[in-house]
Amino acid sequence: MTFKEKVNTLLIECLLEKPSIFLIDLIITDAFKVIVNLDGDDGVALQDCIDVSRFIDAHLDREEQDYSLEVASVGVGSPLKLVRQYKKNIGRTLIVKTEAETIEAELVEADDDFVVLSWEAREPKKIGKGKETVQKELKLPYGNIKEAIVTVTF
């Protein structure tokens with residue numbers, strides 16, 4: 001079993017005990033720096049990162065392979081990668097990039113195949129001059145999303 005396979009197996013085992021936490025990224029560099037990025041249905045607490053770090057550390061032997069370990073939650077501006085992340089962010093505003101456009105919209109719905117986005121747009125009036133505000137909605141398959149980031153408002 002390679003070092004990466006061993007770390008991956010340990011992560012799966014550890015996260016089985018924390019069903020609301022899930023793995024976003026596992027990166028192992030050539031210098032054996034292990035970087036684990038986590039997310040959670042209700043966010044990730046510092047204690048969750050500590051628990052995962054200690055679990056991995058306790059089951060790896062530095063005599064066998066010297067490594068460094070970094071366990072963290074995904075950052076605020078990190079793109080959404082998993083369907084589970086979209087589902088947990090229903091009701092929040094996203095900036096979604098597709099091949100054709102960039103949309104800032106509310107995530108209204110997310111299932112296993114699509115997201116539904118809703119936003120207001122200014123468009124020319126159908127009759128007369130000027131513009132009017134219209135409500136737009138788009139059902140978008142995950143495959144058409146190049147990048148989606150949750151916006152943070154203060």
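**Figure 1. Surroundings of Val52 in the predicted model.** Beyond the neighbours within four places in sequence, Val52 is in contact with Leu11, Cys14, Leu15, Leu38 and Val71. The structure shown here and in the following views is a predicted model. Val52 is also one of the residues with the most contacts inside the largest nonpolar core, together with Val7 and Val36. That core has 19 residues. Two or more of its residues are given by each of the elements α1, β1, β2 and α2. Helix α1 provides the largest share, 6 residues. In soluble globular proteins, nonpolar side chains tend to be buried together.

**Figure 2. The cysteines Cys14 and Cys49.** A search of the whole structure finds 0 disulfides. Cys14 takes part in none, and the cysteine sulfur nearest to its own, that of Cys49, is 11 Å away. With a relative accessibility of 3%, Cys14 counts as buried. Cys49 is likewise buried, its relative accessible area being 9%.

Figure 3. An open sheet is formed by 3 strands in the order β1-β2-β3, with mixed pairing. Its edge strands, each pairing on one side only, are β1 (21–28) and β3 (68–73). On average, and with direction ignored, neighbouring strands of the sheet are turned by 20° against each other. The pairing of β1 with β2 (residues 33–40) is antiparallel and extends over 7 bridges. Ile21 stands opposite Gly40 in β2. Helix α1 (residues 3–16) lies across β1 and β2 and runs at about 165° to β1. Helix α2 (residues 46–59) lies across β1, β2 and β3, and its angle to β3 is about 155°.

Figure 4. Arg84 is located in helix α3 (residues 83–88). Is Arg84 buried or partly exposed? Its relative accessible area is 31%, so Arg84 is classed as partly exposed. Apart from the neighbours within four places in sequence, the residues in contact with Arg84 are Pro19, Ser20, Ile21, Phe22 and Asp41. One of these residues, Ile21, stands opposite Gly40 in β2. Between Arg84 and Gly40 the C-alpha to C-alpha distance is 9.0 Å, although they are 44 residues apart in sequence.

**Figure 5. The whole chain as context for the close-up views.** The secondary structure comprises 3 helices and 8 strands. Starting at the N terminus, the order of the elements is α-β-β-α-β-α-β-β-β-β-β. The radius of gyration is 20 Å, well over the 15 Å that the globule rule gives for 154 residues, so the protein is more spread out than a compact globule. Taken along the principal axes, the box filled by the C-alpha atoms is roughly 80 × 30 × 30 Å. Of the 154 residues, 33% are buried. Among contacts between residues at least 6 apart in sequence, 48% join residues at least 24 apart.

Technical notes: Residues numbered from 1 in each chain as written. Predicted model: local features only at pLDDT ≥ 70, side-chain atom pairs only at ≥ 80, totals over all residues. Heavy atoms only, no water. Disulfide = S-S within 2.5 Å. Buried < 20%, exposed > 50% of the residue type's maximum accessible area, 1.4 Å probe, protein only. Pairing = 2+ DSSP bridges. Helix = DSSP H or I, 4+ residues; strand = E, 2+ residues; numbered from the N terminus. Axes fitted to C-alpha atoms, helices over the stretch in contact; angles between N-to-C directions. Contact = heavy atoms within 4.5 Å. Core = buried A, V, L, I, M, F, W, Y, C linked by side-chain atoms within 4.5 Å. Rg over C-alpha atoms; globule rule 2.2 N^0.38 Å.
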